[in-house]
Amino acid sequence: MRVVVHLTTPEWDGAARAALAAAHGLAERGHEVTIACAADCAAARRVDPALCDVAPVDAGGGHTPAATWALRRLIVERSVDVVVVQRDQAQLAAALAIRLSGRACGVVRRAQVESPAWSWRARAMARLVPVQVAIPWSSDVRAWEAAGARAPIVAPLGVDTTLLDPARPAPTGTVATVGVGRTIACFTSRNARSRAAHALRVVARLVEHHPELRLVLVGTGADDEDLRMHAAALRLTRVVSALDDHADATTVLAGAELGWVAAAGDDRAYAFLDLAALGVPALAEREPVAERLVADGITGLLVSAGDPAAGAATAARLLARADERAAMGRAARARIQRDFSIARYVDGMEAAVHAAHARVHAGRATPAAVAAP
């Protein structure tokens, strides 16, 4: 089947990672996959050319006229069967491009972690072009069905543990070697500044009794100016380091004793999954995503939201117990291999692609041509 994965995020974040994982996984299973994204998109540099090709599309948030016409041209030239998108605006662009192309082509809408059900505009477009929704959790089925989605398919995010080797050492001279043995890796994202600020307040309490402690911020929001100012106000300038979104953070995470997850959305889910795959216990505020991905007391620890004192006490206890951290790390890695493999995610996305294609050819919703192909 010919599939286009339309990627509108310019950064290497959780959404881009999920899109690329789906593209590579589908290609490995015999589908002909094209990544449609802006020429300077970070994900484009990570595409395996042996599996997928890249077609430059002016993303512009996914809904500019230029992006829509470029996507329409791609659909016609490559006789595309299904377009995979992740956001409302990208879904609108895909629906318009399909209508303009005159092709019998379906849409797969992958719902991101923590995202609400689609808007009324996206729901209206789903009446014009067949849309199959793929969701991260089975518990989201009712919410999407209530929003008008037909039979959502579960595609839980997963990771390939063979690509995340917990034994890989950090290169000498990198930020990962600073404070080895006392490093906490904190995952951030641009839309989770308050959570990251809470992590800084927790560390500020910890360093009073653990002056050797270091915090490494990892993710798209790691170098946020407000976070730097907040760290300075807490006198943590010498304690906190940041890795930008293009850095390979695996070596840093593998050398950390604990991982604090302050990111949001897909970034949040991948943070928990990566820590578990690397055998690093996770700490996070108690909320639905954390409760799904962390077995409290077994693979990590959950703390009350907005309570730096409780968070610091919990982290200090775990830092003092190497055996408990090691046991949590082993349990976390085993759980990832069992329940959150990359194969399960690709299974769900492939099922969604087939379902979208079947709806187009069921004879009920084939789009009428409104322009010559």
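Biologist: How many bridges join strand β4 to β5, and in which sense do these strands run?

Modeller: The model is a predicted one. Strands of a sheet pair through backbone hydrogen bonds, and the pairing is either parallel or antiparallel. In this case β4, residues 82-85, is joined to β5 by 4 bridges, and the two strands run parallel. Within that pairing, V85 has R109 of β5 as its bridge partner.

Biologist: How many bridges join β5 to β6?

Modeller: There are 4 bridges between β5 and β6, and these strands run parallel. V108 has Q132 of β6 as its bridge partner.

Biologist: Which residues point one way from β5, and which the other way?

Modeller: In a regular strand the side chains alternate between the two faces of the sheet. From β5, G106, V108 and R110 point one way, whereas V107 and R109 point the other way.

Modeller: Strand β6, residues 131-135, is mostly covered, with 5 of its 5 residues buried.

Biologist: What is the order of the strands in the open sheet of 6 strands?

Modeller: The order is β10-β9-β8-β11-β12-β13, and the pairing is parallel. The edges are held by β10 (240-243) and β13 (300-303); each has a single partner strand, so one side of each is left without a neighbour in the sheet. On average, neighbouring strands of this sheet are turned by 25 degrees against each other, direction ignored.

Biologist: Which strand pairs with β8 over 6 bridges?

Modeller: Strand β9, residues 214-219, pairs with β8, residues 183-188, in the parallel sense over 6 bridges. I184 stands opposite L215 in β9.

Biologist: Which strands does helix α11 touch as it packs on the sheet?

Modeller: Helix α11, residues 308-319, touches β11 (258-261), β12 (282-285) and β13. The direction of α11 makes about 165 degrees with that of β13.

Biologist: At what angle do helices α1 and α13 pack?

Modeller: An angle of 65 to 115 degrees counts as roughly perpendicular. Helix α1 (residues 14-28) and helix α13 (residues 342-360) pack at an angle of about 80 degrees, and their axes are 9 Å apart. The two helices are therefore roughly perpendicular to each other. On the side of α1, the contact is made by A18, A19, A21, A22, G25 and L26. On the side of α13, I342, Y345, V346, M349, E350 and V353 take part. The residues of this contact divide into 10 nonpolar, 1 polar and 1 charged.

Biologist: How many salt bridges does the structure hold?

Modeller: A salt bridge is counted where a side-chain nitrogen of Lys or Arg lies within 4 Å of a carboxyl oxygen of Asp or Glu. The structure holds 21 salt bridges. One of them is formed by D266 and R110, with the closest N and O atoms 2.3 Å apart. D266 lies in helix α9 (residues 265-277) and R110 in strand β5 (residues 106-110), so the pair ties together parts that are 156 residues apart in sequence. Both D266 and R110 are buried.

Biologist: Which residue forms a salt bridge with E257?

Modeller: The partner of E257 is R325, and the closest N and O atoms are 3.4 Å apart. This pair also links distant parts of the chain: E257 is in the loop between α8 (250-254) and β11, while R325 is in helix α12 (residues 322-339), 68 residues apart. E257 and R325 are both buried. A network of salt bridges links R182, E212, E257 and R325.

Biologist: Are D339 and R338, which form a salt bridge, buried or exposed?

Modeller: Buried means under 20% relative accessible area, exposed means over 50%, and partly exposed lies in between. D339, at 23% relative accessibility, therefore counts as partly exposed. R338 is at 54% and counts as exposed. The closest N and O atoms of this salt bridge are 3.1 Å apart.

Biologist: In which helix is A67 found, and is A67 buried or exposed?

Modeller: A67 is found in helix α2, residues 65-77. With a relative accessible area of 0%, A67 is buried. A67 and A36 are 31 residues apart along the chain, and their C-alpha atoms are separated by 9.6 Å.

Key: Residues numbered from 1 in each chain as written. Predicted model: local features only at pLDDT ≥ 70, side-chain atom pairs only at ≥ 80, totals over all residues. Heavy atoms only, no water. Pairing = 2+ DSSP bridges. Axes fitted to C-alpha atoms, helices over the stretch in contact; angles between N-to-C directions. Contact = heavy atoms within 4.5 Å. Parallel < 35°, antiparallel > 145°, perpendicular 65-115°, else oblique. Nonpolar A, V, L, I, M, F, W, Y, C, P; charged D, E, K, R; others polar. Buried < 20%, exposed > 50% of the residue type's maximum accessible area, 1.4 Å probe, protein only.
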